[in-house]
Amino acid sequence: MKKSRYIAVLFILWMIPLLLLSQGRRDEANALFDSIAQKENSKEKVQCYIELSQIFRYIDKDSSLLFADNAYYLSTDLGYEEGMADALYKKCLTLDSKGDEIFALDACLESLAIAESIQDSFRMAKAYYHIATLKDNRGEMEQAIMYLHKSLHIFRSMKDTSAMVAVYNGLANYYKDISLLDSAAFYYHKAIFYADAIEWTGPLGRILGNLAGIYDLLLDYENARKYFLMSLEYCIVHNDINDLGYCYSRLGALAADMDDAPLAILYYDSAYFAFEVAGDMSGCHQVQVNRSILLEEQGNYQQALKLLHEALSFYREQDYKDGILAVWRILAGIYAKTDMPGKAIAYHDSCEKLAIQTNNPRRLKGIYDEMYLFYYDLGDHEKALSAYLKYDNLEDSIFNLEKTELINDLLIKYEKEKDQLKIITLENENLQKSRERNLLLFVLSSIIVLVVLLGLFLIYKNRKNRIIAEQKIRQLEEEKKHMAARFLVEGEERERKRVAMELHDNLGVLLSATKMQFSEIHDKDPANKELIEKATKYLEQASTDVRKISHNLMPGLLTKLGLFEALAELFENLGESDKMEAFFEVVGPKDRLPENTEIMLYRVIQELINNTLKHAEADNIDMTMIVQPDEMNISYSDNGKGFKVEEVLKKKTMGMQNIQSRVKFMDGTVSIDSNGHGAVYRICIPLQPGSCEPAE
């Protein structure tokens with residue numbers, strides 16, 4: 001923690017460079033204004049407008065949109081299609097930063113249409129990438145991943161490593177949004193790896209911050225703080241004024257999570273100053289919102305409300321709907337805590353309407369969750385039930401036992417409240433008779449409810465015991481199958497090795513000796529020269545075929561140099577074909593593995609490649625092996641036509657069974673994803689017992 005305070009204080013030493021950078025940005029804008037005033041309508045003038053739109057995106061978003069529109073209209077007059085595409089793309093970025101995701105998506109799709117019409121691969125890839133980001137924010141996950149892979153394919157074919165870094169970061173963001181945090185961490189690490197490979201330090205600050213955010217979600221505060229500080233160091237060293245404020249702000253939030261309020265305030269002060277220097281008032285108000293959350297937790301509601309209303313006023317001026325929504329949710333929570341339910345209800349309703357208006361299902365789900373808790377604490381079980389059902393519909397999953405019990409509890413309480421209202425009405429008409437009758441009904445109802453609950457409990461218990469017994473039987477059967485498969489695989493590999501040795505040591509030697517005998521006959525009996533040469537040629541072909549068969553049964557490079565060298569040769573041979581691009585990399589140490597493990601892994605990769613070549617109609621294969629002390633993670637993907645995973649697994653094809661049985665033999669796990677745009681196999685092989693998580 002001392003290091004954290006030291007870095008926060010060190011921020012003061014970097015004020016002068018940051019101020020100079022901000023002044024430099026103003027000078028750049030002035031130079032562009034002068035250039036626009038002096039130039040006739042031309043492509044150069046279009047570029048000046050586009051650069052001004054980029055600069056003002058962080059200072060004044062309305063001005064940024066105005067410059068983008070000027071660039072678009074001027075490009076239209078000039079028939080300059082590249083300028084039109086770039087202007088629409090800049091407009092999309094600014095609208096996205098304002099929270100206008102629908103209009104941002106429209107602008108980006110227009111930019112893509114122009115780029116496709118002129119077959120500009122680079123502009124197409126940029127548009128694909130940002131469309132994927134916007135689709136992800138709207139919860140359209142399948143389209144988001146499709147556009148990301150389209151973008152990655154173009155950048156990879158162009159060998160644009162810096163752009164690949166951005167796409168890998170986007171893939172990580174996608175997996176973070178669907179709560180697959182391990183996959184998100186994998187792609188963040190991959191983005192960092194490629195950025196390091198080309199010594200491109202520009203995006204490292206933000207990517208390291210994103211990775212730190214994953215560890216924060218996993219409540220691994222030690223690693224989160226480590227990567228946040230690394231992110232901060234990159235921003236300071238490279239004078240990245242745009243990301244510096246975000247680094248300090250996220251460090252402040254982490255300190256707040258760790259209940260270190262003084263350190264959180266110190267980081268928030270640094271973040272506010274960094275945003276102020278950068279001219280990013282949106283960032284400044286976001287810091288104030290974060291401060292208000294800290295003040296709310298400390299019980300300082302008045303000061304928190306003051307900061308929130310200041311931020312709300314700014315967000316309304318900027319028409320920044322995401323900011324307005326965030327502030328309203330916090331205000332609703334504060335008024336609920338301060339016994340002002342009327343205001344809390346008003347803000348909850350406003351949040352619901354705005355989230356529906358902006359088509360933001362993720363935030364809408366969070367709002368319904370907050371509304372359910374609020375109404376439940378308030379004792380309004382009808383509205384609590386309504387909010388919970390709306391939340392659950394958005395969750396789009398089957399009710400589990402806990403949810404069913406929760407809904408039943410709300411229904412019982414709601415029905416009880418309605419019964420109580422009826423009782424009060426009847427008491428006003430005939431107090432004595434109503435009491436007796438309702439008491440009798442209550443007793444009978446209670447008995448019936450108790451009997452029904454007891455019956456349901458017994459049914460549930462019997463069903464649970466039966467399920468447990470069936471699971472144990474299935475587990476025993478699976479273990480038997482696993483042992484049988486294990487013996488079968490071991491026997492198959494031993495037989496392969498034996499046959500390979502027999503072919504190489506016996507038949508190969510015999511053919512070589514026979515060839516030597518024919519050579520001697522050739523020298524002694526020239527009369528049969530043509531016949532002997534023909535027989536010798538057949539012997540050479542037989543020797544070659546024997547060597548190939550022996551190599552396929554047990555590659556010599558695998559037994560001599562190991563798995564990694566054998567796979568490198570295999571992918572190199574694949575890449576020699578004009579119809580196939582094959583990429584293979586190993587991250588981590590390349591130490592030899594146990595012989596059985598190397599053979600099994602080689603067979604699995606052979607089968608994956610065979611499936612791709614036979615069925616996928618792909619022209620690109622990409623495989624990465626990440627070797628860690630306790631486990632090996634393999635990511636294999638192709639860009640073929642894909643397949644329906646569940647159908648293939650149900651068919652139990654020989655190739656898929658070979659892959660699954662060999663991975664299971666090594667106590668590993670395998671998962672398969674395919675959505676019609678290629679296939680991705682993720683394999684985890686434990687190098688230490690129990691290191692791989694079970695496959696989903």
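Reader: Which elements make a left-handed β-α-β unit?

Author: The model is a predicted one. In it, β1, helix α26 (residues 595-616) and β2 make that unit. A crossover is right-handed if, with the strands pointing away from the viewer, the path from the first strand over the helix to the second runs clockwise. The unit here is left-handed.

Reader: How do you know that β1 and β2 pair?

Author: Two strands pair if at least two bridges are found between them. Seven bridges join β1 to β2, so they count as paired. The two strands run parallel.

Reader: What makes β2 largely enclosed?

Author: Buried means under 20% relative accessible area. Seven of the eight residues of β2 (residues 620-627) are buried, so the rest of the structure largely encloses this strand.

Reader: In which sense do β2 and β3 pair, and over how many bridges?

Author: β2 and β3 (residues 631-638) pair in the antiparallel sense, over seven bridges. Ile626 stands opposite Asn633 in β3. The two strands form a hairpin, with three residues between them.

Reader: What is the order of the strands in the sheet, and why are β1 and β4 at its edges?

Author: Five strands form an open sheet in the order β1-β2-β3-β5-β4, with mixed pairing. β1 (581-587) and β4 (669-674) each have a single partner strand, so one side of each is left without a neighbour in the sheet. The twist averages 10° from one strand to the next.

Reader: What makes β4 and β5 a pair?

Author: Six bridges join β4 to β5 (residues 679-686). At least two are needed, so the strands pair. They run antiparallel. Ser671 has Arg682 in β5 as its bridge partner. Helix α28 (residues 654-665) lies across β4 and β5, and runs at about 145° to β4.

Reader: What span does helix α3 reach, and what is expected?

Author: Helix α3 (residues 43-56) has 14 residues. It reaches 20 Å from its first C-alpha to its last, close to the 20 Å expected at 1.5 Å a residue. Among its buried residues are Val46, Tyr49, Ile50 and Ser53.

Reader: Why is Gln119 called exposed?

Author: Exposed means over 50% relative accessible area. Gln119 has 60%, so it is exposed. Gln119 is found in the loop between α6 (101-117) and α7 (121-137). Its phi is near 55°, a positive value in a residue other than glycine. Most residues other than glycine have a negative phi.

Reader: Is Asp339 buried or exposed, and how do you know?

Author: Its relative accessible area is 68%. The cut-off is over 50%, so Asp339 is exposed. Asp339 lies in the loop between α17 (321-337) and α18 (341-357). Its phi is near 55°, a positive value, and the residue is not glycine.

Terms used:
Residues are numbered from 1 along each chain as its sequence is written. This is a predicted model: local features need pLDDT of at least 70, side-chain atom pairs count only at pLDDT 80 or more; totals for chains, interfaces and linings use all residues. Side-chain values use heavy atoms; hydrogens and water are left out. Helices (H or I, at least four residues) and strands (E, at least two) are DSSP runs, numbered from the N terminus. The expected span of a helix is 1.5 Å times one less than its number of residues. Buried means under 20% relative accessible area, exposed over 50%, partly exposed in between (1.4 Å probe, protein chains only). Axes are lines fitted to C-alpha atoms, for helices over the stretch in contact, and angles run from 0 to 180 degrees between N-to-C directions. Contact means heavy atoms within 4.5 Å.
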